[in-house]
Amino acid sequence: MLWWDRSSESGLTDLILEDPQGRFLASCLGTGPLLCVAGPDAAKGVLVIAPAGAERAVMTWYGQQVELTRGENVPADAPPVFVGVMPPAAAEGGYSLQVLDGAGAVIMSQ
């Protein structure tokens, strides 16, 4: 479950990711573009505040491609958001992110 909010005072976007039992996994607060990776090792949460025009976000997580889910019910004037829960990480490697526009061009990478 992804909780989304944007402060009318500060303009900051707040994302909170919970597991199916309603337990907190990860959060992210800021302005986009921003990548946050947090949570327990067995299920790291990935939260992305993407630039305008973003349609897809894909993590390469220790050699595995993971398509992130786009947040729903985000107002048209707010940045698009994406979220996912990563599988347990391999002992070696790392991660990277690519955010794509509707034509498939990379508009954010980390």
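**Notebook: contacts, salt bridges and cores**

I began with Thr-13 and, leaving aside its neighbours within four places in sequence, I found it in contact (heavy atoms within 4.5 Å) with Trp-4, Asp-5, Arg-6, Cys-28, Leu-29, Gly-30, Ile-49, Pro-79 and Val-81. Thr-13 is placed in strand β2, residues 13-18, where strands (E, at least two residues) are DSSP runs numbered from the N terminus. I noted Thr-13 as buried, with 2% relative accessibility; buried means under 20% relative accessible area, exposed over 50%, and partly exposed in between, with a 1.4 Å probe and protein chains only.

Before going on I wrote down that this is a predicted model, in which local features need pLDDT of at least 70 and side-chain atom pairs count only at pLDDT 80 or more, while totals for chains, interfaces and linings use all residues. Residues are numbered from 1 along each chain as its sequence is written, and side-chain values use heavy atoms, with hydrogens and water left out.

**Salt bridges**

I next looked up the salt bridges, each being a side-chain nitrogen of Lys or Arg within 4 Å of a carboxyl oxygen of Asp or Glu, and the count by this rule is five. One of them joins Arg-23 to Asp-19, with 2.8 Å between the closest N and O atoms, and Asp-19 counts as buried at 12% relative accessibility.

Another is the pair of Arg-70 and Glu-55, whose closest N and O atoms are 3.5 Å apart. Arg-70 belongs to strand β8 (residues 69-70) and Glu-55 to strand β6 (residues 54-61), so this pair ties together parts that are 15 residues apart in sequence. I recorded both partners as partly exposed, Arg-70 with a relative accessible area of 36% and Glu-55 at 43% relative accessibility.

I also followed Arg-56, which forms a salt bridge with Glu-67, the closest N and O atoms being 2.8 Å apart. This pair links distant parts of the chain, with Arg-56 in strand β6 and Glu-67 in strand β7 (residues 64-67), 11 residues apart. Arg-56 is partly exposed at 37% relative accessibility, and Glu-67 is partly exposed at 44%.

**Lys-44**

I then turned to Lys-44, which sits in the loop between β4 (34-38) and β5 (45-49) and is partly exposed at 21% relative accessibility. Apart from neighbours within four places in sequence, Lys-44 is in contact with Val-37, Ala-38, Gly-39, Trp-61, Gly-84, Val-85 and Met-86. For Gly-84 I noted a separation from Lys-44 of 40 residues in sequence and 8.4 Å in space, C-alpha to C-alpha. A polar atom of the Lys-44 side chain lies 2.9 Å from the backbone oxygen of Gly-39.

**Nonpolar cores**

Last I looked up the nonpolar cores, which are sets of buried Ala, Val, Leu, Ile, Met, Phe, Trp, Tyr and Cys residues joined through side-chain atoms within 4.5 Å. The largest has 15 residues, of which Val-48, Met-59, Leu-68, Leu-97 and Val-99 touch the most other members. Strands β5, β6 and β10 (95-101) each supply at least two residues of this core, and β6 gives the most, with four residues. Leaving aside its neighbours within four places in sequence, Val-48 is in contact with residues including Leu-15, Leu-34, Leu-68, Phe-82, Leu-97 and Met-108.

Key: A polar contact is a pair of N or O atoms within 3.5 Å; within protein, one must be able to donate a hydrogen and the other to accept it, and residues adjacent in sequence count only if both atoms are side-chain atoms.
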